[in-house]
Amino acid sequence: MSLAPLVVAHRGASGMRPEHTLVAYEQALREGADGVECDVRLTRDGRVVCVHDRRIDRTSSGSGIVSTLTYEAMAGHDYGTVDDPAEVLLFSDLLDLVLQWKAKPARIFVETKHPVRYGGLIENAVLAELHRFGIGRPPSASMSRAVVMSFAPTAVWRVRRAAPMLPTVLLGNASRYIGGGAATTVGATAIGPSIRTLRDRPALVDRAAAAGRATYCWTVNTAEDAHLCQDLGVRWIATDHPGQVLAWLDES
Ligand code: G3P
Ligand code: CA
């Protein structure tokens, strides 16, 4: 039996609390998550906010495209639920929360969205925030506290070039990781297949390991999938239910 994978809370403990909100991340940390995942976008005035979709409509009381809204305009809406109201979350506030959390040090898995259209702006903004918190450039005791991820090979390549010591994950399907695939070309630290991809192509994990790459798998919400990842030797699994997945892994 392989070592248990490290458990990353996908958009916070988003199965229980509104995604990408401070309460969702606090709950994930309280449940003992080894890491937290967040998606980031730039507002019109250059603030890095934790929002998954291009628009804020699904996750807030407002409407509009993140990149066309100012932070102030976004802050005027509610990002929680009737029972759980919440403010739009700045990436810097998430960093602050995670780095101040002393009970168990957790990692931040930050996924840059819209990387192609904005030609590197989001990666630069994320790196600037990480650097401000002492992550990702020497001398830095906490350089491994963040991992940068993207579905866009160009985004991973930019991060590798600007901050070679930061771990990276190239997200995507199997074709990315086979032979001279994009993960090799851009030098990603890890591959990032979905659980569906891994169910179909479990050999990807061993192949990646043979090339010196770890595996990060998303989104793992059942005991069966969590145990499959453990058996395959997946290093990190992202889940909407971190406490539950930790308990399942603990039982095995
Ligand atoms: O953790 C990677 C995973 O979050 C990628 O998919 O759509 O949830 O950002 P998505
Ligand atoms: Ca994501």
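Biologist: Is Pro 193 buried, partly exposed or exposed, and how many other C-beta atoms lie within 10 Å?
Modeller: The model is a predicted one. Pro 193 sits in the loop between strand 7 (190-192) and helix 7 (195-200). The cut-off for burial is 20 or more other C-beta atoms within 10 Å. Pro 193 has 25 such atoms within that distance, so Pro 193 is buried.

Biologist: Which residues does Pro 193 touch, leaving aside those up to four places away in sequence?
Modeller: Tyr 177 is 16 residues from Pro 193 in sequence, and their C-alpha atoms are 9.0 Å apart. With residues up to four places away in sequence left out, the residues touched by Pro 193 are Asn 173, Ala 174, Leu 198, Leu 204 and Cys 217.

Biologist: How many other C-beta atoms lie within 10 Å of Thr 185, and is Thr 185 buried, partly exposed or exposed?
Modeller: Thr 185 belongs to helix 6 (residues 182-186). Its C-alpha atom is 25 Å from that of Thr 219, a residue 34 positions away in sequence. Burial needs 20 or more neighbouring C-beta atoms, and exposure 12 or fewer. With 13 other C-beta atoms within 10 Å, Thr 185 is therefore partly exposed.

Biologist: Why may the chain be called as compact as a globular protein of its length?
Modeller: The chain has 10 helices and nine strands. For 252 residues the globule rule gives 18 Å, and the chain is as compact as a globular protein of that length because its radius of gyration is close to that value, at 17 Å.

Biologist: What share of the contacts with a separation of 6 or more joins residues 24 or more positions apart?
Modeller: Buried residues account for 48% of the 252 residues in the chain. Among contacts with a separation of 6 or more, the share from residues 24 or more positions apart is 55%.

Biologist: Which strands does strand 1 join through bridges, and in which sense do they run?
Modeller: Strand 1 (residues 6-10) is mostly covered, with four of its five residues buried. Strand 9 (residues 236-239) is joined to strand 1 by four bridges, and Val 7 stands opposite Ile 237 there. Three bridges link strand 1 to strand 2 (residues 35-42), where Ala 9 faces Val 36.

Biologist: What is the bridge partner of Val 36 in strand 4?
Modeller: Strand 2 and strand 4 run parallel and are joined by six bridges. Strand 4 (residues 107-112) has five of its six residues buried, and it pairs in the parallel sense with strand 5 (residues 146-150) over four bridges. In strand 4, the partner of Val 36 is Ile 108.

Biologist: Within what arc do the buried residues of helix 10 fall?
Modeller: The buried residues of helix 10 (residues 242-251) are Pro 242, Val 245 and Trp 248. Seen down the axis of helix 10, these residues line one face of the helix, because they fall within an arc of 125°.

Biologist: Which elements do the buried residues of helix 10 pack against?
Modeller: The face turned away from the buried side of helix 10 carries the exposed residues Asp 250 and Glu 251. The buried residues of helix 10 pack against strand 1, helix 1 (22-30), helix 9 (223-232) and strand 9.

Biologist: How do the residues of the shell around ligand 1 divide into nonpolar, polar and charged?
Modeller: Ligand 1 is surrounded by His 10, Glu 37, Asp 39, His 52, Glu 111, Leu 171, Trp 218 and Ala 238. The shell divides into three nonpolar, two polar and three charged residues.

Notes
Residues are numbered from 1 along each chain as its sequence is written. Chains are lettered from A and ligands numbered from 1 in the order in which they are written. This is a predicted model: local features need pLDDT of at least 70, side-chain atom pairs count only at pLDDT 80 or more; totals for chains, interfaces and linings use all residues. A residue is near a molecule or strand if its C-beta atom, placed from the backbone, lies within 6 Å of it. Ala, Val, Leu, Ile, Met, Phe, Trp, Tyr, Cys and Pro count as nonpolar, Asp, Glu, Lys and Arg as charged, and the others, Gly among them, as polar. Helices (H or I, at least four residues) and strands (E, at least two) are DSSP runs, numbered from the N terminus. The radius of gyration is taken over C-alpha atoms; the globule rule is 2.2 Å times the number of residues to the power 0.38. Two residues are in contact if their C-beta atoms, placed from the backbone, lie within 7 Å. Two strands pair if DSSP finds at least two bridges between them. The arc is that of the directions from the helix axis to the C-beta atoms.
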